[in-house]
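Trainee: Could you take me through one part of this model at close range? I'd like to see how a single chain is built and how it meets its neighbour.

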Amino acid sequence: MSVTTADAVRPLPGRRWLTAAIVWALLLSVPAWLPMLGGYTALAARVLVLGLAAMSFNLLLGFTGVMSFGHAAYFGLGAYGAGLTLKYLAASTPLAMLMGVLLGGVAGTLFGLLIVRRRGVYFAMVTVAFGQIAFYIAYSWNDLTGGYDGLRGFTRAPLDLGFATIDIANNDIAFYYFLLAVFAVATGLQGLLLASPFGRTLLAIRENERRARFLGIPIERHIWMSFSISCAFTALAGALYALLNNFADPMGLHYTLSGEIVIMAVMGGMRAFWGPLVGATLFVVAQDYISSITVNWMSFVGLIFVLVVLFFPRGLLGMLQGRGGR
Amino acid sequence: MFQLVLFNVTNGLIIGAFYVLMALGLSLILNLSNVINFAHGNFLALGGYMAFVLTPYIGFWGALLVSPLLTALFGFVIERLMIRRVYGRDPVYSLLLTFGLAFIMQDACRYIWGPNGLPMNVPDLLAQPLTADLFFITWYRIFMVAIVIVAVAGLFAFLRYTRVGIRIRAGTLDLDTVNALGVNVGMLRSLNFAVGSLLAGLAGVLAAGQIGLNPNMGDDLLMPSFIAIIVGGVGSLTGTLLGGLLIGVAAALTTVVWPAASEAVIYVIMLVVLVVRPRGLLGEEGMLT
Amino acid sequence: MTQTATTHGLGRRTMLQTALVLAAPPIISARGETPVRIGMVDPLTGILSALAASEVEGARYAVGRLNKKNGILGRQIELLVEDSANDVGTGVQKTHKLIERDKVDVIFGDVNSGIAYAMSQVTNEAKVFHIVPGGHTDPITGTDCKWNVFRICNTTSMDAAATTGELVRRFGKKFFFITPDYAYGHTLQDAFIKRLKALGGEYEAEQLPINTADFSATLIKAKAYKPNVLLNNMGGLAQINCMKQFTQFGMEREMHLGGALFELETIRAVPREAQAGTWAMEWWWEQPDVPEVGAFVADFRKATGKTPSARHWFGMVAVESVRLAAEKAGSLDGPKLSLAMEDMALPPEVALQPGRIFYRAGDHELMANIFVGDAHPPAGNNPDAVFTVTSVVPGEKAAGPVADTGCKMVHPA
């Protein structure tokens, strides 16, 4: 990386707004154009949810330079947090989301304390193993989580705004726009965070940890905070996933999903803000499409992994922007 | 009760020996090439399936010898074609590459040999219990442990006494210097990957005889192997050996008091190690951190 | 583009073909009237793939057979198969896809009960008729029953109830249970214990993780307890490993081996010497007293080259049930199909077993017989002759009254 840090996130002010405008125009008009292309609303909803997970994960990988391979854990904890709230506490969608974020965020914060000194593959390996602990707990705690069969018996509640009620429970289009609104707030916060001095410091750590340390930046504390924030946002995506499916199951915590989140970020371009969303779109659509055509879809998905790593390591947006990555 | 505990310690060592075989291969590759091979469980499955194919022609004993070698050859080729291209890059790439490879290999096994499980027959001699009193220890278990001991001893001798082995050990500590001394590091890494695959293939043949064959057979063994490495300490093969045996015995002992928790206990051990001694039992501070 | 049974078979196609399909937009060939579309979601990848593959094959066979005749209501049938990958999120998404995009008339699936349940929430909301061919946990036709959901395979409780009587009668009433520690295992064990207690039996039990590979510690405890029967409630690979180790330890000389559900797909994966024990099959291909079975087996073998398993039968029955209900209702409308299915009996060439086989109105469970018998190494030179039926238990007897299932069926107004 020879480019200075700030440029890598935001190429040019003009282009940055253009990209954002295109992304939002496409997202807002989904119900209008998607069915014409043979898509369906639930597919777009899945793209949004996994896109948010990948973007949240990318705060860590793309903008802090730390490699977690266990983010499904926080995604799944978010899903269980939301599901358990709806099932046992109250039929409130906002409360469910809040509890999901808290469960995943707190777990990430605590675990982060244990591992901030680890780097590289070792960090990745420890995060995978922790992810499997979360998987194992959800899988074994039959009484609370429903175990292997998953958590059932809850549905997302209509949104009560005081003056009006939005029926996100039965109206798919309304639910899509609800997801989009949450997505907008979350990614807006992420954008602000990266533009803040804290975000700049993370980039400095990513670019050259040693130099950042010489400058007196408390590296461990920053990585820890970045990890925690990333986990909390990923948990939000998980909570939305539970609302989307009206179900939470242990596979939402499994390392396979962690790997998929990583590939989404890399495939779209981990140095670009919108990269992971683009990657999530490609991945979800490709998987949906290929798995309808052939039972051997795993080979194709695996091939995507291999080809991206070997030939497109900068990802789609990375290539379009012509810089970043390696 | 005492007898039950004693038995479970023995049994744990047997299971642990199996984790060790798998984890040592992973550990070798991790130490020298800084690559976590997510497809390691699929190399194991490949070894098992190849033994299944070979047994009718060359018998179980022949397959036990040939199948790991073929797995090693396969590993060598994969390393040359793909893995070597991500060396020195961000670890995310090696993880994704082997992850994708795992998908493809699992699907290939399902495509070639079908989704159904397949039984693998071992020689009658090995399927018998030792004696009527020790009915729970079959010759196959003894045989598995013996093979693991031979393989582990062989590996350590290889690393200690052969030229390639010494270079691998040296490369683990300081690859740049080894390179500067004129060693072909590329070939060294390929050979090392092949040795790791050999161990996976061997584990695959043994597993096929014990639990049968199916396309997902390696999946359940991958995580315990990771944990064996973390518990033992990254960078230390002896640590991996100890880690594997430790979690095997812990899982078996838990079966005595609380059978349903026998899977969970290995994760608890890992957490304890991370809190109390983050570098693992025999890991060196600074290694790969 | 989704796979269709009418045009081509599942799976194995070349990359070139796939590339072409990927490049071309989905085009539905105009062939007179629109076909009846059946969407099937099953875990074609993952640990349940062998069972799922058989169910799909059975359904596909039935579709092929019906399309040669009159289809459903005179329309051709199109079977759209989607892989749930044994993952709830994917299964739900594929169900949405089939309903929203492909506008299917009927949904089948899933082998995994958790996914089947999550799917039923979607189909219920969309008022789409839904058949669960092979997901076993009780609540689907019990506490969580829904007006649009019917099930072909038995509940876990039914399988357990059917085997208990036979095991006690033949071997004795002292049982040792080895049970997987999750909802399925717990339900199964509770159902066994309930029947066993009613017969005055005694037991000990141990619960193990689902994927247990080594049973030696538990088998030692079992041996010390000296039961008449060791009940292996594990599933899949764990079930096989438990059987193997039971045999390796020579325990068959001291006690009998038994359990609830067994499948032809699973027996094939058991080494010859360990093919033993008394189990329940939910359908079996050797029934000399039922003439229709012989004809079906011969035709199925001709079409697929395989001996039909219970899973094949589930898939076949699912398709045939839609046809029968649609003919009775004169419509493919969800609520009408549902009412037509209630108390509908299957004709002999579909039921393929003795007695009256019908969908019970109270819980939407198919009241099929349970075939209890002994597993053994292949008899003669037929590799699939690995099971001998010793008693046929009527489904209604095993299921007990509707009131016991906890189902309160509510139809839409």
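Here is a walk through chain A and the side of it that touches chain C.

Mentor: Bear in mind that this is a predicted model, where local features need pLDDT of at least 70, side-chain atom pairs count only at pLDDT 80 or more, and totals for chains, interfaces and linings use all residues. Residues are numbered from 1 along each chain as its sequence is written, while chains are lettered from A and ligands numbered from 1 in the order in which they are written.

Chain A has 16 helices and two strands (DSSP runs numbered from the N terminus: H or I of at least four residues for helices, E of at least two for strands). Its C-alpha trace spans about 55 × 50 × 45 Å along the principal axes.

Now the meeting with chain C: 31 residues of chain A are in contact with 35 of chain C, that is, with C-beta atoms, placed from the backbone, within 7 Å. On the chain A side, helix 4 (41-61), helix 12 (219-245), helix 14 (275-293) and helix 15 (297-311) give two or more residues each. That side divides into 12 nonpolar, 15 polar and four charged residues, with Asp, Glu, Lys and Arg counted as charged, Ala, Val, Leu, Ile, Met, Phe, Trp, Tyr, Cys and Pro as nonpolar, and the others, Gly among them, as polar.

Terms used: Two residues are in contact if their C-beta atoms, placed from the backbone, lie within 7 Å.
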